[in-house]
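Please look over the fold shown here.

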Amino acid sequence: MKVLLAGLCTVDQVQRVAEIPAPGEKVRSLSMDVAAGGPATNAAVTVAALGAGATLLTVAGAHPLAALARADLEAHGVDLVDLDPGRPDPPAISAITVRDSDGERTVVSRNAHASSRFVLSMRSLHARLPRSEDEMPGCVLLDGHHPEVALAVARWAREREVPVVLDAGSWKPVFPELLPLVDVAACSSLYRGDDPREHGVPLVVTTAGPDPVRWSTADGSGAVPVPVTRARDTLGAGDVWHGAFAYAVARGTGDVPGWIAFANEVAAERVRHEGPRSWTAAVAKMGEGQS
């Protein structure tokens, strides 16, 4: 079973603190981690941890900082396809602070931006996509970053009847063009933009942190409760949810409430663990239970 993911890859520097500092205040961190980040990237780590093949289409580049992301993804079983391996610019960097008492976090980051080199690399994108039946993914997950890539992959998947899940955590300018190519729009409660239903998206899912996850189709709607748990680290929990949901879709069994319930369980497991990758071993056991 395979999932193809396309989107942002960052380098995350994560500091854990007793309290998030006020403006002008300095605090000493309790721990520090560096890992690859970004919605599609964290989702890819989740897919791999669950035991499926995870291929990530992104831009890492040749900057020394990109080596940190590459090493992390390789260590966690993600197949990285760099669409602009010669890019000299540093990757996007996220500065993250996590509060020790409840796992809440602040994030300062910069999204991906296009370059002339990257536009040229789009010409070879289709050569990097799966061609044989053995390589074909059971699901595609997009986060809307690198919009040209998102559109190209969505069109490719639509032609091959591969379900496309969109991580619509926040509105992006490409969405009016991308949404008509999507089978599932998974939105956060903070999503502000066009109603995906207006663009013909068959299934819309809305997450809301610890509150029930709502879903709606043309034939019905419902809500699936989130497990009650003590949060130790909420960083990337939404990304993990999307990765687990895409994994469930790719399996090709079950129904919408079941897919959501599984994603809820995996995301709940993630927030029980401190650090950007400490949760993967526990999630791997959940994947074994699905096989």
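## Helices α8 and α9

α8 passes α9 in a right-handed crossing; a crossing is right-handed if the near helix is turned clockwise from the far one by less than a right angle, and left-handed if anticlockwise. This is a predicted model, in which local features need pLDDT of at least 70 and side-chain atom pairs count only at pLDDT 80 or more, while totals for chains, interfaces and linings use all residues. Residues are numbered from 1 along each chain as its sequence is written, and side-chain values use heavy atoms, with hydrogens and water left out. Helices (H or I, at least four residues) and strands (E, at least two) are DSSP runs, numbered from the N terminus.

Helix α8 covers residues 256-271 and helix α9 covers residues 280-288. They pack at an angle of about 155°, with their axes 9 Å apart. α8 is therefore roughly antiparallel to α9. Angles over 145 degrees count as roughly antiparallel, under 35 as roughly parallel, 65 to 115 as roughly perpendicular, and the rest as oblique. Axes are lines fitted to C-alpha atoms, for helices over the stretch in contact, and angles run from 0 to 180 degrees between N-to-C directions.

On the α8 side, F262, E265, V266 and E269 take part. They meet A282, V283 and M286 in α9. By class, this contact of α8 with α9 has five nonpolar, no polar and two charged residues. Here Ala, Val, Leu, Ile, Met, Phe, Trp, Tyr, Cys and Pro count as nonpolar, Asp, Glu, Lys and Arg as charged, and the others, Gly among them, as polar.

## Helices α1 and α7

Helix α1 (residues 39-49) and helix α7 (residues 237-251) have axes that come within 7 Å and cross at roughly 55°. That angle makes α1 oblique to α7. The crossing of α1 and α7 is right-handed.

α1 contributes P39, N42, A43, T46 and V47 to the contact. α7 contributes D239, V240, G243, A244 and Y247. Contact means heavy atoms within 4.5 Å. The residues of the contact of α1 with α7 divide into six nonpolar, three polar and one charged.

## The four-stranded sheet

Four strands form an open sheet with mixed pairing, in the order β3-β2-β6-β7. Its edge strands are β3 (31-37) and β7 (105-108), each pairing on one side only. From one strand to the next, the twist averages 20°. Helix α2 (residues 64-75) packs on the sheet and touches β2 (10-17), β3 and β6. The direction of α2 makes about 85° with that of β3.

Strands of a sheet pair through backbone hydrogen bonds, either parallel or antiparallel. Two strands pair if DSSP finds at least two bridges between them. β2 and β6 pair in the parallel sense over eight bridges. D12 stands opposite S94 in β6. Strand β6 (residues 92-99) and β7 pair in the antiparallel sense over four bridges. T97 has T106 in β7 as its bridge partner. β6 and β7 form a hairpin with five residues between them. In that turn, G103 has a positive phi of about 80°.

## Two buried prolines

P91 lies in the loop between β5 (78-82) and β6. P91 counts as buried, at 12% relative accessibility. Buried means under 20% relative accessible area, exposed over 50%, and partly exposed in between (1.4 Å probe, protein chains only). P91 and G61 are 30 residues apart in sequence but 7.1 Å apart in space, C-alpha to C-alpha. Beyond its neighbours within four places in sequence, P91 is in contact with V11, A60, H63, L65 and A66.

P196 lies in the loop between β10 (184-188) and β11 (203-208). P196 is buried, with a relative accessible area of 4%. Its C-alpha is separated by 9.5 Å from that of A168, 28 residues apart along the chain. Leaving aside neighbours within four places in sequence, the contacts of P196 are L179, A185, C187, Y191, V201 and V204.

## Two positive phi values

Most residues other than glycine have a negative phi. H146, in the loop between β8 (139-142) and α5 (147-159), has a positive phi near 50°. H146 is buried, at 8% relative accessibility.

E161 is not a glycine either, and has a positive phi of about 60°. E161 sits in the loop between α5 and β9 (164-168). E161 is exposed, with a relative accessible area of 74%.
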